[in-house]
Amino acid sequence: MTYRDVVSRQVLTWACTAIGARMPVAMAPLALVFLVRERPGGYSLGAILAAAYVLGEIGGAPVLGMRLRPEMARVQLAVGLAVGTVGFLGLGVFPGAHPAVLAGFAFVAGGAPAAATGGLRTLLGELVPARSVAQALSVESIVTAGVWAVSPAAVAGLALGVAPRAPLLLAAGLMAWSVGGLWLLPARWGAGGADSGGPEGAGSVGGEGAGREGAPLLRVLVGAWPVYVVGAASLALLGLSELVLPALLEQRGIGVGWSGPLLTGMAVGGGLGAFVYGLRGWPGLLRTRSVVLMAGTSACVALAALIPAAAGIAVALVMGGTLQSGAMLTRNLSLREVLPPRMLAAGYSVMYAASGAGYAATGSLAGALLKVAAPSTAILAGVCLTVAMTGVGWWGEVRRARRGECGAEGGVVLGGVEAGEAVK
């Protein structure tokens with residue numbers, strides 16, 4: 001397994017389009033804080049605007065993702081990204097508007113393009129042979145890690161060096177760029193790309209998803225809930241590290257300013273982990289690999305909470321980011337196993353929403369615990385929550401696999417109902 005089949009002009013075009021669509025997502029929360037921090041109660045207002053943005057993402061991803069149609073993919077994605085551009089532009093052009101107006105712009109900026117992640121990931125599968133889908137998803141993770149590594153510095157530099165509105169205007173420009181990039185990519189998916197079959201995770205035909213082609217969309221998506229739970233647990237660990245790290249550094253007597261470089265190191269580790277994962281095929285079932293990688297990530301985050309020295313925390317976070325990116329890749333590949341090709345974009349969008357919900361839930365838990373406990377204790381409590389979520393997801397996948405084996409003669413089982421029966 002190599003990256004040879006992934007190196008092409010179309011994949012490069014896809015990467016440029018994806019950067020335009022995802023850089024604003026990575027920039028938004030911090031940019032919103034900088035936008036209003038000089039107003040009365042600015043930091044609280046910034047947190048509220050960031051929450052409105054995240055709520056838009058969590059709500060928009062499944063609702064819009066389930067409405068994506070292969071034959072209209074380009075138009076639907078372009079409309080969502082264009083409306084998102086308007087949301088970011090409104091924030092940048094009217095920074096002094098009433099908080100309710102800013103919250104509305106933030107909600108639109110988060111919600112309207114929320115299905116783009118799933119749609120672009122599905123389009124990427126059309127650009128490579130079936131045997132190289134795992135490498136393509138690794139490239140996507142590398143691009144995402146790079147975006148998240150660059151975004152904090154870009155936001156801080158523009159907000160402090162140019163103007164508080166500058167990061168949001170840049171986000172609007174980047175998202176508009178991604179709209180144009182869509183016209184250089186396939187207009188639709190499912191017309192005979194990588195989803196037509198292949199090795200592990202390369203397509204659903206011939207796998208568990210094959211028996212679900214005619215089943216109702218919502219039923220099949222709900223049946224994949226274990227994959228979403230572990231995906232949410234994976235991003236929850238990332239959120240835990242990002243949100244509690246400044247307080248942890250202060251507890252350890254380390255300068256809070258180190259939080260930026262440490263998180264950048266974690267993002268770089270994520271890119272490295274994605275690259276290594278795509279270099280070869282790995283033994284074991286996807287769900288087993290996922291549990292192993294999640295256990296390793298949890299251990300790294302726990303060590304970061306317990307190690308007193310900055311160097312030790314840095315190593316733990318880099319290793320945690322490396323393993324976390326592999327865990328997310330196994331989740332995306334698992335979706336390709338359990339969903340038919342026509343439902344992949346919707347499945348990816350639901351995964352996006354579930355991951356955002358996991359991020360928000362763990363952050364809320366840690367925030368509440370910080371009022372009554374030390375930052376290290378809050379991190380360990382969050383790790384325990386993610387380990388529990390991972391266990392529940394793994395149990396669900398094992399249970400679904402057993403039901404699928406039992407129903408193999410009469411059809412694939414969907415949440416207790418056979419696929420053949422669901423079609424009737």
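**Leu323**

I looked up Leu323 and found it partly exposed, with a relative accessible area of 23%. For this label I used a 1.4 Å probe and protein chains only: buried is under 20% relative accessible area, exposed is over 50%, and partly exposed is in between. The model is predicted, so I took local features only at pLDDT of at least 70 and side-chain atom pairs only at pLDDT 80 or more, while totals for chains, interfaces and linings use all residues. Residues are numbered from 1 along each chain as its sequence is written, and side-chain values use heavy atoms, with hydrogens and water left out.

I placed Leu323 in helix α12 (residues 310-338). Helices here are DSSP runs of H or I with at least four residues, strands are runs of E with at least two, and both are numbered from the N terminus. Next I listed what Leu323 touches, with contact meaning heavy atoms within 4.5 Å. Leaving aside neighbours within four places in sequence, I found Leu293, Gly296, Thr297 and Cys300. I also checked Leu323 against Ala295: they are 28 residues apart in sequence, and their C-alpha atoms are 9.1 Å apart.

**Cysteines**

Cys300 came up as a contact of Leu323, and I looked at its cover. Cys300 counts as buried, because its relative accessibility is 11%. Cys384 is exposed, with a relative accessible area of 54%. How many disulfides are there? I counted zero, taking a disulfide as a pair of cysteine sulfur atoms within 2.5 Å.

**Arg121**

I found Arg121 in helix α5 (residues 116-126). Is Arg121 buried or exposed? It counts as buried, because its relative accessibility is 10%.

Leaving out residues up to four places away in sequence, I listed Arg22, Leu137, Glu140, Asn332 and Tyr348 as its contacts. Two of these got a second look. With Glu140, the side chain of Arg121 makes a polar contact of 2.8 Å. A polar contact is a pair of N or O atoms within 3.5 Å; within protein, one must be able to donate a hydrogen and the other to accept it, and residues adjacent in sequence count only if both atoms are side-chain atoms. The C-alpha atoms of Arg121 and Glu140 are separated by 7.8 Å, and the two residues are 19 apart along the chain.

With Tyr348, the charged end of Arg121 sits over the ring, 4.9 Å from its centre. The rule I used asks for NZ of Lys or CZ of Arg within 6 Å of the ring centre and within 35 degrees of the ring normal. I noted another case: Arg280 lies over the face of Trp282, at 4.5 Å from the ring centre.

**Two buried serines**

Ser151 sits in helix α6 (residues 133-161). I logged it as buried because its relative accessibility is 0%. Which backbone oxygen does the side chain of Ser151 reach? That of Val147, at 2.7 Å. Not counting residues up to four places away in sequence, Ser151 touches Met23, Ala26 and Met27.

Ser178 lies in helix α7 (residues 166-182). It is buried, with a relative accessible area of 0%. Its contacts, leaving aside neighbours within four places in sequence, are Thr17, Gly20, Ala21 and Leu81.

**Aromatic pairs**

I counted five aromatic pairs in the structure. Rings of Phe, Tyr and Trp (its six-membered ring) pair if their centres lie within 6.5 Å; planes under 30 degrees apart are stacked, over 60 edge-to-face, and the rest tilted. I opened one of them, Trp225 with Trp395: it is tilted, at 6.4 Å centre to centre and 50° between the planes. Trp225 counts as partly exposed, at 32% relative accessibility. Trp395 also counts as partly exposed, at 46%.

**Ala357**

I found Ala357 in helix α13 (residues 344-370). It is partly exposed, with a relative accessible area of 33%. Ala357 and Leu235 are 122 residues apart in sequence, yet 9.1 Å apart C-alpha to C-alpha.

**Whole chain**

The protein chain has 15 helices and two strands. Of its 424 residues, 53% count as buried. Among contacts between residues at least 6 apart in sequence, 82% join residues at least 24 apart. The accessible surface comes to about 16900 Å², and 70% of it belongs to carbon and sulfur atoms. Those areas come from the Shrake-Rupley method with a 1.4 Å probe; for residues, only the protein chains shown count as cover.
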